[in-house]
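Please look through the sequence and the model below before reading on.

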Amino acid sequence: MANEQLKTAAASAPWMADALAPGLPPQVFQHTVSQADMAISITDVHGNILYVNPAFTRVTGYTTDEAIGKNQSILSNKTMPPALYQSLWQKISQGEVWTGRLINRHKDGSQYLAELSISPIVDAHGKVLNYLGMHRDITEVHRLEYQVRNQKALIESVVDAAPVVIALLDVDDRVVLDNHEYKKLQADLGMAEPAPMLMSAIRASLELESGKGRRTSGYLFLDREVRIDRPGGNTPRWFSCSGSRVREDDSTADAFLAGRRRDYLLLVAKEITSLRAQQEKVRVAALQAVMADEDRVLALRESLAAATFRIEGPLNMMASVVAMLARRKGETDPMSVALVEAIAAGQQALEELRSMIPGETREAIGPVNLNELLRDVLDLSTGHLLAAGITVSWKPQAMLPALQGAPNKLRSLFKALIDNAIEAMNVRGCRERELTLASKERRGGIEVLIEDSGPGIDNSQHLKVFEPFHTTKRGGGHLGTGLSSAQQVAADHGGYIEIGPAAVRGCRVRVLLPLHPRP
C-alpha cells in the first residue's frame, strides 16, 4: 500500500524519482518514510496532499484515503491569525523553510499544538515543485513547559513577596538568585553583595563554637544572629540567619552520563532589629549601672593611689633628711629619732591606705564584638557629649570579626579615651567640638581611631600622658590613672595605643588590638 502511494506521489512529484534511483533501494526509502515517528506529508504547490505516512494518521486521525486529495487546510483550526499563514506561504513560495508552532485540529475536532516544519522542494532552476511537511504533536510537551514556567513564576513571586532576605549562593559565595528584600538590603547598606559578609560572620561564629552550634536536619546552620553596624547615628541592624544546602543536577552535555550535581547554599535572613533594639535598651541600662559602680571603684582606687603617691614624696624626703642627720650628728640625735618615728608612722599609714585600694576583678576572656562595645561606650557617654555640645561621627566597619578579650576592661579602655577627648574639647575657646570614632579590620587585628577637635597634645607629651598621675591640663587639675590604665588594658590584650596629631586639628588616638592575643 505504501509503495503504491509513493508511486502515485512520484507521478505528481518528479523529484521523487531520483530518490528511487538504483543508488538507494526503493524499499529503504519506503520503509524510512513510512516508519518515521513524525507525521510526514507531501503536497503540491497549492497545498493539496499527495502523500501521508502512517504517523500522519496517528497524529491527525485522518486515514490515507481521507487525507490524499484534500488540502492541507483540513488540519487548520481557523484560530491562528491570518497574517501568520500569509507569512508562512510567502516564505515557502520563495523557496525558504518555515518552522513554527500552529494550533491544528484532529479529525474529531479536538485541538492540538503542532510543531511544524515545511520545506519547499525545488528543481535545478530553483522552481518550487512540492512541499514536504513534517510535524509532531507537542501538546503535552507544551503543557509541561508552561507548568514548569508557571511554577517558576509562582516560586519567584513567593520568594520576592517573602518578608525575609533570601539569597542563593554558589560554592564561592557568589549570589545567583535573590529577592526584593535582599536588593533593599543592598541599597540600605550601600554595598554590592551583603551575602558574603553575612556568611563570613556566620562561619566565624561557627568556628568559635567549634561546630557545637544549633543545627537541625536539613540545615547547615539555624538562627545565627548577625549584627551589622551602619555609619552615622543609624541604629545597628540584626538578622537571624539560617542556611540549607540546595543541589542542582548539572544540565551540561558532558554531565549527561556522569550525573554531576552543583551545590548551593540557600541563605535566609530574618530581620530582628526591633526585638534586639528593645533588648539592647535593657542591656545598656544594666550596663550603665555596672559601669557606674566600676567608675566609683576606679575613682576610689585612683584617689587612694593618688594619696599614697603624694604621701610617698614627703616620706622619701624625710628619710633623706634622717640619713643626712645621722651622718652629721649620729643616729641618737633627738631630731633624727623623732623623724624616724614619724617616718615609721607614715609608712604604717601608707600601708593601711594601700590595703584599702580595691583590687581589680578578674574577667573571663571571650569573643567580643568591638563595634557593639564601642557603641555601648558612646551610649554611656551620651549625657557628657550632649552637655559639652559635642557632635559624634560614628564610622564603623559594617561587620568586624570577633575579638578575644575581656569586654568590661575594653569598655573601660575606650571610655577613658573618649572621656579624655570630651574633657579636652570642653574648654573655653573650643568652638568646633567634633568627635570621630571609626573601626576597621587590619592585618589580623582591629584598628580603632578616636579623633577630637580639641587643642591637641604637644609632641613632647605623647608618651608622658600614659604615665600615672600625669596631666597636660593647665593648673594640674585631676591627677588620675585613666590613660595609663587604658594602655595597660591594651597591652594585656596584646595591643597598643599611640597618640598623634589629627589630620586637620586636635588629637588622634589609634588603638590596635589583635584578634587572638598571644598567651
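In this predicted model, Arg-283 counts as partly exposed because its relative accessible area is 25%. Its side chain meets that of Asp-376 in a salt bridge, with 2.6 Å from N to O. Since Asp-376 lies in helix 12 and Arg-283 in helix 10, the pair ties together parts that are 93 residues apart in sequence. Asp-376, at 2% relative accessibility, counts as buried. Both residues belong to a network of salt bridges that also links Glu-225, Arg-276, Glu-280, Glu-372 and Arg-411.

| Pair | N to O distance |
|---|---|
| Asp-376 and Arg-283 | 2.6 Å |
| Glu-115 and Arg-101 | 3.8 Å |
| Arg-101 and Glu-145 | 3.7 Å |

Arg-101 has a salt bridge with Glu-115 and another with Glu-145. The link between Arg-101 in strand 3 and Glu-145 in helix 7 (residues 139-161) joins distant parts of the chain, 44 residues apart. Arg-101 is partly exposed, at 35% relative accessibility, as are Glu-115 at 29% and Glu-145 at 32%.

Turning to the nonpolar residues, the largest nonpolar core has 38 residues, and those with the most contacts inside it include Leu-370, Phe-414 and Val-511. Several elements each supply at least two residues of this core, among them helix 12 (370-380), strand 15 (445-452) and strand 17 (507-514), while helix 14 gives the most, with nine residues. Phe-414, leaving aside its neighbours within four places in sequence, is in contact with residues including Leu-370, Val-377, Ile-450 and Leu-513. A second, separate core has 22 residues, including Tyr-182, Val-226, Ile-228 and Ala-269.

Val-321, which is placed in helix 10 (residues 273-329), counts as partly exposed at 31% relative accessibility.

Is Thr-60 buried or exposed? Thr-60, found in helix 4 (residues 54-60), is buried, with a relative accessible area of 0%. A polar atom of the Thr-60 side chain lies 2.7 Å from the backbone oxygen of Phe-56. Not counting residues up to four places away in sequence, Thr-60 touches Leu-75, His-106, Lys-107, Tyr-112 and His-135.

Notes. Residues numbered from 1 in each chain as written. Predicted model: local features only at pLDDT ≥ 70, side-chain atom pairs only at ≥ 80, totals over all residues. Heavy atoms only, no water. Helix = DSSP H or I, 4+ residues; strand = E, 2+ residues; numbered from the N terminus. Buried < 20%, exposed > 50% of the residue type's maximum accessible area, 1.4 Å probe, protein only. Polar contact = N/O pair within 3.5 Å; in protein donor to acceptor, adjacent residues only side chain to side chain. Contact = heavy atoms within 4.5 Å. Core = buried A, V, L, I, M, F, W, Y, C linked by side-chain atoms within 4.5 Å. Salt bridge = Lys/Arg side-chain N within 4 Å of Asp/Glu carboxyl O.
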